[in-house]
Structures are given as C-alpha cells and as structure tokens.
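Student: I have a new structure to look at and I would like to learn how to read it. Could you walk me through its features one at a time?

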Amino acid sequence: MEDLLSRTRLQEILSRSSDRKIGVIGDLALDAYWYADMTRSFLSRETPRFPRPIVREVFSPGAGANVAHNLAALGVGQVVVFSVVGEDWRRDILTDVLTSLGIEAGHLIASSQRSTVTYVKPILQGYDSWQEDSRLDFESDQPLAPALEDALIDMIRQRLPELDALLIADQLEINGIITDRVRGALNDLAAHYADRWFVVDSRQRIGLFRNMILKPNWREALRAVYPDRSDRALPHDELARIGQTLADRAGRPVFVTLSEEGLMICAEGTHRHLPAAPVQPPLDPVGAGDAFAAALAVSLTAGATPWEAGTVANLAAAVVVEKLNQTGTASPDEILTRYDLARQERQHHA
Ligand SMILES: Nc1ncnc2c1ncn2[C@@H]1O[C@H](COP(=O)(O)OP(=O)(O)OP(=O)(O)O)[C@@H](O)[C@H]1O
Ligand SMILES: [Mg+2]
C-alpha cells in the first residue's frame, strides 16, 4: 500500500475535496425505518389482528442519495443531486434529509407520474428481541416518460460545465432514471467533457456506458461480458481480462470491486490487483460500494492516479464495512486512521 500511496500524498488528496463540486445523477432512494413497539399492541376491535404501534421513525438516504451522502462526508464543498421524483410526501422528506446533510437538492424534477423511491423497513420490537417485517417498497410502475427524460437531460447539460465530476447511480432494474436515452446523452456528454470525471455504478447495465470510468463488482462485470455464464468465483487473471474488455469498450479505466479481496484495476493498458484494507469483524458490508465510488471520484478530481484512487477507495470502503446496522460513510480522518492501521498491520506481518 505505501508503495502506491504515501501518507503525505493521501492527506494531500483528501484535503482537496473542499473546493470541489460533484454531482450525482440517477436513482435516489429514501430508506425509512419504522419501529413498532409490539409490547404496546392490543388486539384490534375490528379485525383479529394486532396493530403495529409505531413509536419512532428514522429516515436515511439510499441508492444515489447515499453516494451523495458519502461525497458530503468526504468533505466535498458542493454536492448536487439530479433526478426525477414524485409529487408526494416522500419527496419532501428526501429533500429535507439531503438538505440537512448539506446536499443541494434544488435540481430534483418532481412529477405526478413518478413515485419517490422509498424502502420502508418495519422493525417489530418485543420485550427483549426484535424482528424485521417485510419491506414496503415505493417505486415507479412505468418507464420515465420522454418529456421527463428531456427535462433531466437538459438540466444536466446546463449544469455539467460547473461540475468537477459526475457520478451515475443506475440502481434500479426497471423504471429507473437512467433510461437508454438518458444513458446515451450521458455517454455523449462524457465524450464532450473529457476533462471531467464521470464514474458509473450500474447493477444491470455497466457494459453499456462509454467514455466514463466503470465501477462494477465482479458479478456485474462478468454479466456485462458473458451474460450466460454462471456466477462462480473467478481467478484474478480472468477478472483482469474481463475488466480489460470493459475498459476497452468504455475507453476509460475500470475498477472491479471484489468485496473482501479488494479490487482489480484495469487502466493505462495494464492491470493490478489491490488487496482490501484490513477490517475487524463483526462486519456489515451494506454501503461499501457507495463509499467506494464516492472516494474514487473525489480522489480522481484531486489528481490521483488510478492506483492511488483505488487505494483511497479501498480504505473508505473498509471504514464503512466496519460500521454495523447503518449504511455508513467515511470521513477524511477515518480514512487516515484506517491507513495507519493498515500500515501497522503490514509492519506487524513483515
Ligand atoms: N469484507 C470486506 N473486507 C474489507 N473490505 C471490504 C469487504 N467487503 C467489501 N470491502 C470493500 O468494499 C469494496 C466494495 O465492495 P463490493 O465488491 O462488495 O462492492 P459492491 O458489491 O458494489 O457493494 P454494494 O453491495 O455496496 O453495492 C471492496 O472493493 C473493498 O474495498
Ligand atoms: Mg454495488
């Protein structure tokens, strides 16, 4: 690790985020935790069922909104989100959540045809145990209408010149924000603004993005190149070939994340495997990918090489993996502490 990134260099990279402006475009979500105190529940008079008395609700940003949260936690001076939401109560809460985190939410297009994506997680609390009940999902039931695609594309065209980087969060399998047309427009913009950093995370379609940095996990990368192959763990040389194929198609570096095995970077005509930063169980991997993508973009805008940026992103993701029962973010201080820990661990084993 130290051969790729000295501590001084890490500090330098992290210190540059405050004067950056970074956008996130794509699927934003609101995560809602509804806590029902079942010890207060009495059998309802009308139905033979026990109601769920909600005693507490907690909201947090999900999907692209969590990527934005990670950018803010990294100290990025201005974080802006671009998306289309519904005209509903969830839009208001999402806007409040984002604003309270210092994220600019003034460019959200609201439409009565859309539903603000929300995942409600009911948590039933008993005397001394708790259980999660089935999630309640709010998603749009139709593809993004052409007029809304136009509005979103116009907005991002106008705003792009003022951004240092744009992260694309293509999270939903269907009826999401990054439609074929929106993706086409982003591919063109990325070619036109070749001096800006575009970083894309896509669950289903990572192989269709062009002129931008790709951040697939190994399953997403495999599916993009070999749609019919089964998901069996792959040796590193094969992952490198797959990553290189995607890098050739995209015309930009590719960062294939490998969970506890770290990262395969395909860039500058070569590839390199970077092991994950050491972590202490218990672990909660939720949000690792978002922290990784945010730290990657921040490092690149600070002038980091792909290898340096991958090292910073591994450290940021490791910080989040150790945070239990929360999606989690990583601050510059936490990343520096993680760097010191990783260095101590290596010296200990040397
Ligand atoms: N168990 C772990 N130990 C150390 N680092 C980890 C672990 N799991 C994940 N990471 C870090 O997080 C990064 C991203 O993880 P992963 O490959 O699981 O991404 P992902 O599948 O996109 O995650 P997500 O489920 O958040 O979308 C890895 O490259 C690594 O740096
Ligand atoms: Mg992911």
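Student: Is asparagine 211 buried, exposed or partly exposed, and why?

Tutor: A residue is buried if 20 or more other C-beta atoms, placed from the backbone, lie within 10 Å of its own, exposed if 12 or fewer, and partly exposed in between. Asparagine 211 has 17 other C-beta atoms within 10 Å, so it is partly exposed. You will find asparagine 211 in the loop between β11 (197-202) and β12 (213-214). Helices (H or I, at least four residues) and strands (E, at least two) are DSSP runs, numbered from the N terminus. One caution: this is a predicted model, where local features need pLDDT of at least 70 and side-chain atom pairs count only at pLDDT 80 or more, while totals for chains, interfaces and linings use all residues. Residues are numbered from 1 along each chain as its sequence is written, and chains are lettered from A and ligands numbered from 1 in the order in which they are written.

Student: Which peptide bond is cis?

Tutor: Look at the bond from proline 281 to proline 282, where omega is near 0°. Proline 282 belongs to the loop between β15 (270-274) and α8. The C-alpha of proline 281 is 7.1 Å from that of glutamate 322, although the two are 41 residues apart along the chain. Glutamate 322 is in the loop between α9 and α10 (332-349). Two residues are in contact if their C-beta atoms, placed from the backbone, lie within 7 Å. Leaving aside neighbours within four places in sequence, glutamate 322 contacts Val279, Gln280 and Leu283.

Student: How should I read a strand, and which way do the residues of β13 point?

Tutor: In a regular strand the side chains alternate between the two faces of the sheet. In β13 (residues 254-257), Val254 and Val256 point one way, Phe255 and Thr257 the other way, and all are buried. Two strands pair if DSSP finds at least two bridges between them. Four bridges join β13 to β14 (residues 263-267), and the two run antiparallel. Valine 256 has methionine 264 as its bridge partner in β14. The two strands form a hairpin with five residues between them, and serine 259 in the turn has a positive phi of about 45°.

Student: How many residues of helix α2 are buried?

Tutor: Ten of the ten residues of α2 (residues 64-73) are buried, so this helix is largely enclosed by the rest of the structure. Among them are Val67, His69 and Leu71. Just after α2, glycine 75 has a positive phi of about 90°.

Student: Which residues touch the most other members of the largest nonpolar core?

Tutor: In soluble globular proteins, nonpolar side chains tend to be buried together. A nonpolar core is a set of buried Ala, Val, Leu, Ile, Met, Phe, Trp, Tyr and Cys residues joined through C-beta atoms within 7 Å. Here the largest core has 97 residues, of which Leu167, Val199, Ala295, Ala297 and Ala316 touch the most other members. Not counting residues up to four places away in sequence, alanine 297 touches Ile22, Ala165, Leu167, Trp197 and Val199.

Student: Which residues come nearest to ligand 1?

Tutor: A residue is near a molecule if its C-beta atom, placed from the backbone, lies within 6 Å of it. Ligand 1 has 20 residues around it, and Asn217, Thr257, Glu260, Gly289 and Ala317 come nearest. The elements giving two or more residues to this shell are α8 (288-301) and α9 (306-321).

Student: How many helices and strands does the protein chain have?

Tutor: The chain has ten helices and 15 strands. Of its 350 residues, 42% count as buried.
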